[in-house]
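Me: I've got a model open and want to talk through its side-chain packing. Can we start with the rings?

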Amino acid sequence: MVRNAYVTDLKSLQGECSANYLRLIRLVGDMEQGQRRAIQLGEQGDNALHLYIHENAPYTTMVHVSQTGLMDHLLETPKMRVHLYHDVRMAEVTHFQRERHFHGRYRYPNPRMHQPDEKLQLNRFLGEWLAHGLAHGRSEYLHEVP
């Protein structure tokens, strides 16, 4: 059986990036460059979503998003860098773990084992992560990094 090549679903990707922009704006609020916020996801404070404003410019903001929890000693902590584009009101994952600059589609299989729709999947993952933080989290602290 011949498999058709994956075609990037731009409408879904743009919708996800727009929704993530709104979610991140709600979570970062008026944070400025160099500030961090932890959104506690568990009752014991053992699981948290961390937001750090790495760079803040008039038209873009770069946010580092990571999570800590009980399994940190066994698994690598999920980390991503997200660019917020204020002029188009979109947020896009540009880095995940040690990977960066994702293409809209990949041939499969490929040397890095990316899925054909890797970029869309990463942005959906971010959306689920942020939605969970908004629904169940509570902001514990906000401070500047020296």
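Me: How many aromatic pairs does the structure hold?

Reply: This predicted model holds two aromatic pairs. Rings of Phe, Tyr and Trp (its six-membered ring) pair if their centres lie within 6.5 Å; planes under 30 degrees apart are stacked, over 60 edge-to-face, and the rest tilted. Phe 96 and Phe 125 make an edge-to-face pair, 6.1 Å centre to centre with 80° between the planes.

Me: Which parts does that pair tie together?

Reply: Phe 96 is in strand β5 and Phe 125 in helix α2 (residues 118–136), so the pair ties together parts 29 residues apart in sequence. Helices (H or I, at least four residues) and strands (E, at least two) are DSSP runs, numbered from the N terminus.

Me: And what does Phe 125 form with Trp 129?

Reply: Phe 125 and Trp 129 form a stacked pair, 5.1 Å centre to centre and 25° between the planes. Both lie in helix α2, four residues apart, about one turn of the helix.

Me: Trp 129: buried or exposed?

Reply: Trp 129 is buried, at 6% relative accessibility. Buried means under 20% relative accessible area, exposed over 50%, partly exposed in between (1.4 Å probe, protein chains only). Phe 96 is partly exposed at 21%. Phe 125 is partly exposed too, at 33%.

Me: What else does Phe 125 touch, beyond residues up to four places away in sequence?

Reply: Phe 125 touches Met 80 and Phe 96. Contact means heavy atoms within 4.5 Å. Phe 125 and Glu 16 are 109 residues apart in sequence and 9.8 Å apart in space, C-alpha to C-alpha.

Me: Which residues lie nearest its centre?

Reply: His 64, Val 65, Ser 66, Lys 79 and Met 80, out of 14 lining residues. Strands β2 (48–56), β3 (60–68), β4 (79–85) and β5 (90–96) each supply at least two residues of that lining. Met 80 is also a contact of Phe 125.

Me: How do the lining residues divide?

Reply: Six nonpolar, five polar and three charged. Here Ala, Val, Leu, Ile, Met, Phe, Trp, Tyr, Cys and Pro count as nonpolar, Asp, Glu, Lys and Arg as charged, and the others, Gly among them, as polar.

Me: Back to helices. Where is Asn 20?

Reply: Asn 20 is in helix α1 (residues 10–28). Asn 20 is buried, at 0% relative accessibility. Leaving aside neighbours within four places in sequence, its contacts are Ala 91, Asn 123, Leu 126, Gly 127 and Leu 130.

Me: And the whole chain, what pattern does it follow?

Reply: Along the sequence, α-β-β-β-β-β-β-α-β. That comes to two helices and seven strands. Buried residues make up 38% of the 146 in the chain.

How values were computed. Residues numbered from 1 in each chain as written. Predicted model: local features only at pLDDT ≥ 70, side-chain atom pairs only at ≥ 80, totals over all residues. Heavy atoms only, no water. 1 Å grid on protein atoms, 1.4 Å probe; cavity = no way out; pocket = protein on both sides within 12 Å on 5 of 7 lines; lining within 4 Å.
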